[in-house]
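Please find below a briefing on the structure shown here. The points are grouped by topic.

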Amino acid sequence: MIHIPVDVFAQIQKNGEEHYPEEGAGLLLGKVHGEKRIVEQVLQLQNRFQPGARHNRYMIEPQDMLLAEEKADELGLEIIGVFHSHPDHPAQPSEYDRERALPWYSYIITKVTDQSAIESRSWRLTDERTFTEEQLQIE
Amino acid sequence: MTTLKIPSPLRPYADGMKEIEVESESVNAIIREIITRYPALKPHLLDESENLRSYVNVFLNDEDVRTMQGLDTRVEQDDHLMIVPSIAGGSTSNNTLAKVDHAALRTNQAMIIGLLLVAFVVDLTSLTLGVGIIMMIGTILAKPGFIFIYRLLRQWNVISPEIISDNPEPHRFANGFGSIVLFGAYLAFGLNSPLVGWILTWVVIILAGVNLFLGFCVGCALYYWLNRIGLPLFPREAPADRFPGTRPPKA
């Protein structure tokens, strides 16, 4: 299960709304206690995918990941996952998402329609490289 | 000794290690060395062709080795290597919808229904096999099996094309699926089980009818469900604007 404070969750949804009709993305910083994951902060990052294709693509470049790792270290946190939005598409991973997904990370996907976040769901990649839904607890 | 930093998502596959000390002379040798030590890392670092996965980046002292000599980059004592993932994804797969002539598909369905009804009425089991063979040929050629009838109807101006943006693969799968059911029906006739044979034949008639008259392709829906559970032979996702299997709106 992944726990997210309500204000942090609001930032994730707002990020998707602000980037609409493009995809917004960022990283989840927090702590992991066994199967319990707690998001403490989000790091909103630029979608580095080529312009013109950001309506259905996002990318976080390795240089941004390096900086994010440093930031997480400073805060005594870990990068525990990724969030991104699906403009006008369901809050579930696409095949494109699955092919590029990393294990262990939580992937929170937010469906955004007409600039309004409709739904957010969290997913984890299994060892068989398929996605399974993770319970998302907003508190 | 060179220190290799492992990113958090890969640590569970390296006994939870954050850093690993390695004694090798190139980036490639170090990657191979850690895979030998921690075999569970392999599927997450290398693809099926044993190349680094596209999202795996290796940094040597904060510089991407791709800007150096790639995996052949030499590594000195006290160098710091880092595996850094890049993150990518997006709401749809690489699907760009093709142009599919739904008039050809509907002609195909009408021919299947008509010929199978004739087979049932006159008890002509070989016609069931014939329809199955034509459907299988169509599946192999990635065209509706009765495309030749459609072309004749086009020449005679009896029917007009109806080109719609759609995925052709699910229709091909549905056609192949129907063909296999008809082969099963013919096998049942051969095994002296006409009841089973005709039930299977009627399954194809009804599914083709549901597609022709109600605009719902059950075989396509099955294809999209198989895609959703991640089976590799079913790469096409259902277009997001419609229930999987329903006929797309006209452009």
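Predicted model: local features only at pLDDT ≥ 70, side-chain atom pairs only at ≥ 80, totals over all residues.

Residues are numbered from 1 along each chain as its sequence is written, and chains are lettered from A and ligands numbered from 1 in the order in which they are written. Chain B contains 8 helices and 8 strands; helices (H or I, at least four residues) and strands (E, at least two) are DSSP runs, numbered from the N terminus.

**Chain B overall**

- Of the 251 residues of chain B, 35% count as buried; a residue is buried if 20 or more other C-beta atoms lie within 10 Å of its own, exposed if 12 or fewer, and partly exposed in between, with C-beta atoms placed from the backbone.
- Among the contacts in chain B with a separation of 6 or more, 64% are between residues 24 or more positions apart; two residues are in contact if their C-beta atoms, placed from the backbone, lie within 7 Å.

**The sheet of chain B**

- Chain B has an open sheet of 5 strands in the order 2-1-5-3-4, with mixed pairing; two strands pair if DSSP finds at least two bridges between them.
- Strand 2 and strand 4 (63–64) of chain B are the edge strands, each pairing on one side only.
- Strand 1 (residues 2–5) of chain B runs antiparallel to strand 2 (residues 19–22) of chain B, with 4 bridges joining them, and B:L4 stands opposite B:I20.
- Strand 1 of chain B also runs parallel to strand 5 (residues 80–85) of chain B, to which 3 bridges join it, and here B:L4 stands opposite B:L81.
- Helix 1 (residues 27–37) of chain B lies across strand 1, strand 2, strand 3 and strand 5 of chain B, at about 115 degrees to strand 2 of chain B; axes are lines fitted to C-alpha atoms, for helices over the stretch in contact, and angles run from 0 to 180 degrees between N-to-C directions.

**Helix 7 of chain B**

- The end C-alpha atoms of helix 7 (residues 194–214) of chain B are 29 Å apart, which agrees with the 30 Å that its 21 residues should span at 1.5 Å a residue; the expected span is 1.5 Å times one less than the number of residues.
- Buried residues of helix 7 of chain B include B:W198, B:L200, B:V204 and B:A208.
- The cover over the buried residues of helix 7 of chain B includes helix 3 (102–121), helix 4 (125–141), helix 6 (168–190) and helix 8 (218–228) of chain B.
- B:G215 follows helix 7 of chain B and has a positive phi, near 75 degrees.

**Strand pairing in chain A**

- Strand 2 (residues 25–33) of chain A runs antiparallel to strand 3 (residues 36–45) of chain A, with 9 bridges joining them, and A:G30 has A:V39 as its bridge partner.
- The hairpin of strand 2 and strand 3 of chain A has 2 residues between the strands, and A:G34 takes a positive phi near 60 degrees.
- Strand 2 of chain A also pairs with strand 5 (residues 78–87) of chain A in the antiparallel sense over 6 bridges, where A:L28 stands opposite A:G81.

**Contact between the chains**

- The contact takes 22 residues from chain B and 30 residues from chain A.
- On the side of chain B that touches chain A, the largest share, 3 residues, comes from strand 6 of chain B.
- Strand 4 (residues 58–60) of chain A runs antiparallel to strand 6 of chain B, with 3 bridges joining them, and A:Y58 has B:G89 as its bridge partner.

**Nonpolar cores**

- The largest nonpolar core has 53 residues, of which A:L28, A:V82, B:V27 and B:L81 touch the most other members; such a core is a set of buried Ala, Val, Leu, Ile, Met, Phe, Trp, Tyr and Cys residues joined through C-beta atoms within 7 Å.
- Another core, of 21 residues, lies apart from it and has B:I134, B:M135, B:L182 and B:A208 among its members.
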